[in-house]
Amino acid sequence: MQQDQEFKGVVGAFVLFGIIALAGVIVAYASVSDYAEARASLSWAKVDGVILTDSDGDGVRYSWFDGERSHVGNRVRFSTAAITPGGKVYQPGERVSVHISPADSSRAVLEPGGDPFLFAAGLGGGAFLVFLGLAGVIRLVMTIDGLQPAPESEYDLAPAE
């Protein structure tokens with residue numbers, strides 16, 4: 001019975017540390033992906049658009065025409081641009097420049113670009129979570145195998161007298 005509970009505890013710890021490591025990978029990937037697209041958006045083509053709903057409600061909605069079809073979007077900024085000053089209030093009917101992706105004209109943003117410091121923070125946070133998760137898994141494996149850290153005396157590099 002006790003061995004069964006110990007097994008459940010070990011499995012639970014593996015799952016927990018695995019989820020932490022996976023969350024780190026997801027955070028790092030999302031940060032890199034968002035920042036890459038944010039930087040690319042600086043060179044996207046501009047087209048004329050119009051604001052449909054204001055920024056006081058549930059977010060801004062805007063529309064634009066790419067030469068073939070009309071589109072509706074709601075992305076104002078990229079996540080890696082969130083801490084830079086922007087704060088522009090958009091009013092319905094206001095004319096705006098919409099930056100559209102050359103690869104897919106249905107993808108657009110009103111305020112292109114991203115902040116490298118927020119990107120670095122996201123990447124660093126993701127790396128820390130991966131490290132924490134992997135360190136936990138390694139420590140569990142050491143415990144299961146009966147390995148213990150070496151006593152401190154073995155690491156004493158002071159010369160013997």
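1. Start with helix α1, which covers residues 2–40 and holds I19. This is a predicted model. I19 is exposed, because its relative accessible area is 52% and the cut-off for exposed is over 50%.

2. With V11 and V15 it forms a nonpolar patch on the surface. Together the three residues have about 240 Å² of accessible area. As a rule, an α-helix has 3.6 residues a turn, so residues three or four places apart point the same way.

3. Now the overall layout. The chain has 2 helices and 5 strands. Read from the N terminus, the order is α-β-β-β-β-β-α.

4. Some totals for the chain follow. Of its 161 residues, 27% are buried. The accessible surface is about 10,800 Å². Carbon and sulfur atoms account for 61% of that surface.

5. Contacts in the chain can be sorted by separation in sequence. Take those with a separation of 6 or more: 70% of them join residues 24 or more positions apart.

6. Among the strands, look at β3, residues 70–73, where H71 lies. Is H71 buried or exposed? It is buried, because its relative accessible area is 8% and the cut-off for buried is under 20%.

7. What surrounds H71? Setting aside neighbours within four places in sequence, H71 is in contact with Y62, S63, W64, D66, S105 and S106. The side chain of H71 makes a polar contact with the side chain of D66, at 2.8 Å.

8. Helix α2 spans residues 116–144, which is 29 residues. How far apart are its end C-alpha atoms? They are 42 Å apart.

9. Just after the helix comes G146, with a positive phi of about 80 degrees.

10. Which residues of α2 are buried? Among them are four glycines: G122, G126, G133 and G136. F119 and L140 are buried in this helix as well.

Key. Residues numbered from 1 in each chain as written. Heavy atoms only, no water. Expected span 1.5 Å × (residues − 1). Buried < 20%, exposed > 50% of the residue type's maximum accessible area, 1.4 Å probe, protein only. Patch = residues over 30% accessible without salt bridge, like charges linked within 9 Å, V, L, I, M, F, W, Y side chains within 5 Å. Areas by Shrake-Rupley, 256 points an atom, 1.4 Å probe, with all protein chains shown as cover. Salt bridge = Lys/Arg side-chain N within 4 Å of Asp/Glu carboxyl O. Contact = heavy atoms within 4.5 Å. Polar contact = N/O pair within 3.5 Å; in protein donor to acceptor, adjacent residues only side chain to side chain.
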